[in-house]
Amino acid sequence: MFELIGVAPQALFGQLLLGLINGAFYAMLSLGLAVIFGLLNVINFTHGAQYMMGAFGAWMLLNYVGIPFWGALVLSPIIVAIIGMIIERTLLRRLYHLDHLYGLLLTFGLALILEGLFRRQYGSSGLPYDNPLPGGTNLGFMFLPNYRGFVVIASLVICLATWFVIERTKLGSYLRAATERPDLVQAFGIDVPRMITLTYGFGVGLAALAGVLAAPAYQVSPTMGSNLIIVVFAVVVIGGMGSIMGAIVTGFGLGVIEGLTKVFYPEASSTVIFVIMAIVLLIKPAGLFGTAK
Amino acid sequence: MRFAAILMAAASVLAVTASAQAQTPVKVKIGVLTDMSSLYADLAGPGSVWAAKKAVEDFNATNKSLQVEVVAADHQNKADVGTSVARQWYDVDGVDMIVDTPNSGVALAINTVTREKNKVFVNSGAASSDLTGKQCSPNTVHWTYDTWALANGTGKAVTKNGGDTWFFLTADYAFGHALERDTSEVVKANGGKVVGNVRVPINNADFSSFLLQAQGSKAKVIGLANAGGDTINSIKQAAEYGIVSGGQKLAGLLIFLSDINSIGLKTAQGLNLTSAWYWDMTDANRAFAKEFSAANGGKYPTMVQAGVYSGVTHYLKSVAAIKSAKDGAAVVAEMKKMPTDDKLFGKGEVRADGRQIHPMYLFEVKKPSDSKGPYDFYTLKATIPANEAFRPLDQGGCPLVKKT
């Protein structure tokens, strides 16, 4: 059957697995975006820059402080999240009562500034970061680098845990309630503004965590976020703005579709996601998992 | 009041005649059109602007006949942005010459505009050998390197060392296609075979899928017909997927000093590469590198930035010789007539097709333990003499070359 489509089954399995690995990054980034949009109603364009800061954080911790990858995996997202919360407290908060567009402009501007600062300091071609898990396993149909295997498992665990917290726990129910009727939730004695700050910090932390995971696999460079963020926005739109499960499923799904395109028609691999986005928007404008408001 | 006005008028008349007697310097405006912010910004970009200004400064120290101004712009790797900057510069701002311009797609567009406006284009950053081949122009000089020279250096060396089956990972635009084409020819001419290729969109982050296809092809050599960030990611990820330890060899066809810095010697060691210039070869180069590094945050100059210095120097000498920068074709004709000679590229010439001729060098990337300081990356393996380094004049299909 596989010979019919002109690709050996081994190559196909390999590509499917690779798609999942890329999908893991899409899923983690779009999850953060979805959480922030779902609860704050802010389209966070700084997300790409925060992903980049996560990777740079790991590099700085290693080169200036001597903290290896595993420590950075915890520390760097926390540091970036704190910076994110400061941004939320001082800047974003002032825009909640205005149209979405203002939040978008602010975050987009911040992204450009952050990227420019890092480019000025570290140049555009990136910095080396050693692989913490060198070597790999031969699966028979492909050679799976240990590190990539770790990325898939780690991101699946993180995604599912986030989904569980938001959809199945009491804290999650407060969060969801606060998006619908902040005034009522506040009346029950819950500090809504603090919750929003923490949520933004959490979303940003997820982006930074994806950045740390990306550091050994890709180059640590100031433009790494802006190259990826457009695709991630497409993923969020396809999945449905603000839908947690939608972001996870479409993240992994589109990673696989993109992976397959790289085999059958590599020239289109950078555009296939946008073609899918256009089709989905025509058929289901709210996205695959979104609900029309 | 009236008396004062008459006095002032008289004074200004006197001033004009005085300066005319002191021989007014010829005004020249140079535009550095480059990638200031994206994947090629470290190998050209602000460093190229510095190199152009440095060339002007050094020229002025010995020759006072020109009054030179340097401006710069970012082409964002888009041919349409590059073209509109060039038109604005040529039509409105009085720019006489454009220099650098990495990205072959943009460079080919600037080549056309420059010819149409009869200005001068000295290219250092782009690679496509078409600039001095089918698309050669009486207004363009291609300075530092090209795809033919890279293929002839790295491609030949690797094929002759037993790497006789190739699979190409090609950047999907003018540059990648030209590099793949020129390298395939060299591989075949040396008894090798090309078993496959894959065209990858530019500025791609993840190469694992393409690397897996290359791995599946069983080719002995994986030729990387890409540049900048794309090359960095391919080499880094090839290490991750055990391609080199699995017995396949990587041939980076275009690798810059800045790329090695970004990959790290640990991953890059042992790579073969072809370059037109390396900072640690002569005292003059080392002095230039030291000054460059002090002015550019510790970075060291790449061959592209050195080429900008060298190209601008030769351009200024030619303008000084004919005492005008206005007729682009005339300046380029003078650049071809006058032998090139500067402290970085040494003695050479500009051929009828616009190709500047100098030796090319085959380097190997050092082991981390052999590297003694910042940017101490290469060991010289072979020098390709100037007369063999570039495509023979009669094989490029350039209409400017008279058939004999």
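What share of the contacts in chain A with a separation of 6 or more comes from residues 24 or more positions apart? Such residues account for 75% of these contacts, where a contact means that two C-beta atoms, placed from the backbone, lie within 7 Å.

## Basis of the model

This is a predicted model, in which local features need pLDDT of at least 70 and side-chain atom pairs count only at pLDDT 80 or more, while totals for chains, interfaces and linings use all residues. Residues are numbered from 1 along each chain as its sequence is written, and chains are lettered from A and ligands numbered from 1 in the order in which they are written.

## Chain A

Chain A contains 11 helices and two strands, the helices being DSSP runs of H or I with at least four residues and the strands runs of E with at least two, numbered from the N terminus. Their order along the sequence is α-α-α-α-β-β-α-α-α-α-α-α-α.

The C-alpha trace of chain A spans about 65 × 50 × 35 Å along its principal axes. Of the 293 residues in chain A, 51% are buried, that is, they have 20 or more other C-beta atoms within 10 Å of their own, with C-beta atoms placed from the backbone.

## Contact between the chains

Chain B gives 35 residues to the contact and chain A gives 34. On the side of chain B that touches chain A, β7 (193-200), α7 (208-216), α8 (228-240) and α9 (257-263) each supply at least two residues.

## Residue B:V120

B:V120 lies in strand β4 (residues 120-123) of chain B. B:V120 is buried, with 26 other C-beta atoms within 10 Å.

Conventions:
Buried ≥ 20, exposed ≤ 12 C-beta atoms within 10 Å, placed from the backbone.
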